[in-house]
Amino acid sequence: METTAKPSFGDLIKGHKPVLVDFSAEWCGPCKMMPPILKELKEKVGDSVTILKLDIDRNPAVATAYGIQSVPTLIVFRDGQVKWRQSGVLRADEIKQVLDGVLRQG
């Protein structure tokens, strides 16, 4: 029986498909506003973008590597590079505009 290893964070963000990462924490009040926003965003962008949620307390090395100092922080990765980052809660349409721009860069 073969087991498929979960791809590492580094593997996930290396692809050409944009990856939006929501860095958050359980204790963060504003972070609790993000799931419905990200769900709405997913409905708008479909499979053109991968959306991940990353708990900074469970993944301190990744949070440190990207200098996460406040949550929520959203970062868009493409081809392993940071294309955009912003801290705070944003509306789905604001995030979609950013993603549209990244997708246009082709």
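Modeller: Buried means under 20% relative accessible area, exposed means over 50%, and partly exposed is in between, with a 1.4 Å probe and protein chains only. The model is predicted, so local features need pLDDT of at least 70 and side-chain atom pairs count only at pLDDT 80 or more, while totals for chains, interfaces and linings use all residues. Residues are numbered from 1 along each chain as its sequence is written, and side-chain values use heavy atoms, without hydrogens or water.

A pair of aromatic rings is described by the distance of the centres and the angle of the planes. Rings of Phe, Tyr and Trp (its six-membered ring) pair if their centres lie within 6.5 Å; planes under 30 degrees apart are stacked, over 60 edge-to-face, and the rest tilted. The count by this rule is four aromatic pairs. One of them is F9 with F23, edge-to-face because the planes stand at 65°, with the ring centres 6.4 Å apart. This pair links distant parts of the chain, since F9 is in helix 1 (residues 9-13) and F23 is in strand 1 (residues 19-24), 14 residues apart. Helices (H or I, at least four residues) and strands (E, at least two) are DSSP runs, numbered from the N terminus. F9 has a relative accessible area of 15%, so F9 is buried. F23, at 0% relative accessibility, also counts as buried.

Another pair is Y66 with F77, whose ring centres are 5.0 Å apart and whose planes meet at 75°, so this pair too is edge-to-face. Here again distant parts of the chain are linked: Y66 is in the loop between helix 3 (60-65) and strand 3 (73-78), F77 is in strand 3, and 11 residues separate them. Y66 is partly exposed because its relative accessibility is 23%, while F77 is buried with a relative accessible area of 0%. Ring pairs join F9, F23, Y66 and F77 into one cluster.

F9 also has a place in the lining of the largest pocket, along with K6, P7, S8, L12, L52, K53, L54, D55 and N59. Helix 1 and strand 2 (50-55) are the elements that give two or more residues to this lining, and strand 2 gives the most, with four. By type the lining divides into five nonpolar, two polar and three charged residues; Ala, Val, Leu, Ile, Met, Phe, Trp, Tyr, Cys and Pro count as nonpolar, Asp, Glu, Lys and Arg as charged, and the others, Gly among them, as polar. A pocket is an open set of points on a 1 Å grid over the protein atoms alone, where a 1.4 Å probe fits, with protein on both sides within 12 Å along at least five of seven lines; lining residues have an atom within 4 Å of a point. The volume of the largest pocket is about 170 Å³, taken as the space filled by probe spheres set on the points, which are joined across faces, edges and corners.

The loop that holds Y66 also holds P72. The peptide bond from V71 to P72 is cis, with omega near 0°. D79 has a positive phi of about 55° although it is not a glycine, and at 41% relative accessibility D79 is partly exposed. Most residues other than glycine have a negative phi, and most peptide bonds are trans.

The whole structure has one disulfide, defined as a pair of cysteine sulfur atoms within 2.5 Å. It joins C28 to C31, with the sulfur atoms 2.3 Å apart. The torsion about the S-S bond of C28 and C31 is about 85°, so the disulfide is right-handed. Both C28 and C31 are buried.

A salt bridge is a side-chain nitrogen of Lys or Arg within 4 Å of a carboxyl oxygen of Asp or Glu, and by this rule there are seven. Among them is D11 with K14, where the closest N and O atoms are 3.9 Å apart; D11 is partly exposed at 44% and K14 exposed at 55%. E40 and K44 form another, at 3.6 Å between the closest N and O atoms. E40 and K44 are four residues apart in helix 2 (residues 34-45), which means a separation of about one helical turn. D100 and K96 meet in a salt bridge at 2.9 Å, N to O, and both lie in helix 4 (residues 92-104), four residues or about one turn apart. Salt bridges with shared partners also join R91, D93 and E94 into one network.
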